[in-house]
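My notes follow in the order I looked things up.

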Amino acid sequence: MADDASDDHFEEDSVDEVHTFDGRLLRRMARYLAPYTWYIVLALFITLGASVLGPLRPWLVQKAIDNYIVVGDLQGLQWIILFLVLALVGEGLLSFAENYLTQWIGQQAIYDLRTTLFRHVEKQPLSYFDHTPVGRIITRATSDVEALSDAFSSGLVTALGDLFKLFFIAYFMFTLNWELAVVTLLVMPLMVWVTFWFRRNVREQYRETRKQMARINTFIQEHVTGMHIVQLFGREEEEKERFEGINDDHRAAHLRTIFYYAIFWPSIEFISNVALAAVLWFGGLRAMGGSALTLGVLVAFIQYARQFFRPIRDLSNKYDTLQRAMAGAERVFGVLDTDESLEAPEAPVEIDELEGTIEFENVWFAYEEDNEGTPDWVLKDVSFTVEPGEMVALVGATGAGKSTVMNVLLRFYEIQKGRILVDGHDIRDLRLKDLREHIGLIPQDVFLFSGSVRRNLTLDDPGVDEDLMRRAAKTVQADQLIERLPDGYDQDVKERGSSLSRGQRQLLAFVRALIYDPDVMVLDEATSSVDTETEALIQQALERLTEGRTTLAIAHRLSTIQDADKILVMHKGEVRERGTHKELLAMDGLYRKLYDLQYADQAPGTPPRGDGEPADERVQA
């Protein structure tokens, strides 16, 4: 339940700040409506027109009864009926225009907000995703953003429309009979009290419901992704019980929210009916007592009483919508306010191409700190140089820090001490885009997006044409593999490339890297966990891919790096030995032990078995 606990902590951090920052949240939400100011103004005018026509109808009914029906004026009645029809048609057309325009404005604002959120997440380093569950990010970008949709679509404009209706209804009521108007409004203090009671209680329940939904999304995302582990170890029943617990928490939170609605809406309906009864009682007594109160006025007031409380109920509903939006906004803006992205250099160094010199100067790096705040160093004072065109291999036991070297070189993580230079330039002085354009990476665990082979090779880059893609595939001998697929380059590889073998995915990664023609190649053991035939094919592809390029290779199979220009042996975050294959064997040190362990069960002079070693200490992006 560690992930659940961490999610709880994340959600509770801002509980005490909920009411303090309501105004700030509203202002931030309003910024996404600012580009559509003129559309909002137009919607307000349309809403104002619709707000006048609605209260006008009871007034026309009163005129029809008192001035024409009572006196038997059929011609005048026909004109009133025509005006009533025109008012109904006009109100309908204006309501349609208002609803369509406000929904359009809301969806545009949601589009902008969701795009901003996704771009923000894209900029975050891998360290951000180490401590932020993917399910939580998905919740923020989907349901939490969607919670703002109704607020943007039916927020300010329609709320003002309801206020306009209340104003015009009150105006017509006081114009017709101020006494009946006062009777109608006598219930307002009670309605205001009920509304404030509802407001105080429902906000926290919304926040709790959103929190529980984030837990559900996180749990489902993790367990669907890792379903093979759940099934492999027969943990279905235990994980089902864990999910039932999380799901029950969500149900309980949602039911508590429903409880307040179950009290609020009937209370509002009861109060409005009390007002209607008071109008009938008081007006009926006055009419029977021989006062000047006419039948038309009484009928109009019955209609006004019903109309008057409808916008109040709608405003209460708008408040409900606002509560949902505020709960969602807290989480969405919480993500936007958590910015761990790497700082861009003030005066970035411009590079068109790299010669390929890589230098690590006394580099220290830790992924995290211990309980006392001391960095848990993964790299310790690492220094080495890779000359242009050289192939340098990193070897060592799992956890030695090999993959971390790759992570910090590409600035997936930021080092704490020391410098990393590329062609003499500190990588912190280069734009991230430039750095990663010139340094290609082929991770051990190749990620493919759902979609066609073509899309995974070109990444939908319009600058990559068909000829370039096919030439790259031919260069690394992946063209025959692709063409043997039923749909060739249009073959759907499914989610994460599940329809392809590991070797096929690695060959596609070679093609993808070659298309972008980097000056430096970084390889995480590409021949690990593949059969002998595929290994030979991949090895040939690697030779073509690295030809003429500076190459930094993480090796698990020592057979793949025996021809490297230099081999660095890492142990517990330090470079303990360096040299060629023969030089390191002659040292009879760590490298020799790794070599003997890997080939211990083979006769002297036989080729390596090809057994792969487990992946390094961090899964690569």
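**Salt bridges.** I counted a salt bridge wherever a side-chain nitrogen of Lys or Arg came within 4 Å of a carboxyl oxygen of Asp or Glu. That rule gave me 22 salt bridges.

I picked R419 and E361 to start with; their side chains meet at 3.1 Å, N to O. R419 belongs to strand β4 and E361 to strand β1, so this bridge ties together parts that are 58 residues apart in sequence. R419 is partly exposed, with a relative accessible area of 37%. E361 is also partly exposed, at 27%.

Next I checked E437 and K433, where the N to O distance is 2.6 Å. These two are four residues apart in helix α14 (residues 432-438), which means about one helical turn separates them. K433 is exposed at 56% relative accessible area, while E437 is partly exposed at 40%.

I also looked up D460, which forms a salt bridge with R455; the closest N and O atoms are 3.0 Å apart. D460 comes out exposed, with a relative accessible area of 52%, and R455 partly exposed, with 31%. Then I found a network of salt bridges that links R454, E466, R470 and D490.

**Aromatic pairs.** For rings I took centres within 6.5 Å as a pair, with planes under 30 degrees apart counted as stacked and over 60 as edge-to-face. I got 18 aromatic pairs this way. In one of them, F360 and F384 have ring centres 4.6 Å apart and planes at 15°, so I logged the pair as stacked. F360 sits in strand β1 (residues 358-369) and F384 in strand β2 (residues 375-386), so the pair ties together parts that are 24 residues apart in sequence. Both F360 and F384 are buried.

F365 and Y413 make an edge-to-face pair, with 5.8 Å between centres and 65° between planes. This one links distant parts of the chain: F365 is in strand β1 and Y413 in the loop between α13 (402-409) and β4 (417-422), 48 residues apart. I found both F365 and Y413 buried.

W59, Y171, F172, F301 and Y304 form one aromatic cluster. I also spotted K417 lying over the face of W364, 4.5 Å from the ring centre.

**Core.** Which residues have the most contacts inside the largest nonpolar core? They are F360, L409, I439 and L552, in a core of 37 residues. The elements giving two or more residues to this core include β1, β2, α13 and β4.

**Confidence.** The mean pLDDT of the protein chain is 80, and 89% of its residues reach 70 or more. Confidence is highest in β4, at 93, and lowest in helix α1 (residues 2-12), at a mean of 40. Residues 1-21 stay under 50, and the model has 29 contacts for them beyond four places in sequence. Residues 603-621 also stay under 50, with 47 such contacts. Where pLDDT is low, the predicted coordinates should not be read in detail.

Technical notes
Residues numbered from 1 in each chain as written. Heavy atoms only, no water. Phe/Tyr/Trp six-rings, centres within 6.5 Å; stacked < 30°, edge-to-face > 60°. Buried < 20%, exposed > 50% of the residue type's maximum accessible area, 1.4 Å probe, protein only. Lys NZ or Arg CZ within 6 Å of the ring centre and 35° of its normal. pLDDT = per-residue confidence, 0-100. Contact = heavy atoms within 4.5 Å. Core = buried A, V, L, I, M, F, W, Y, C linked by side-chain atoms within 4.5 Å.
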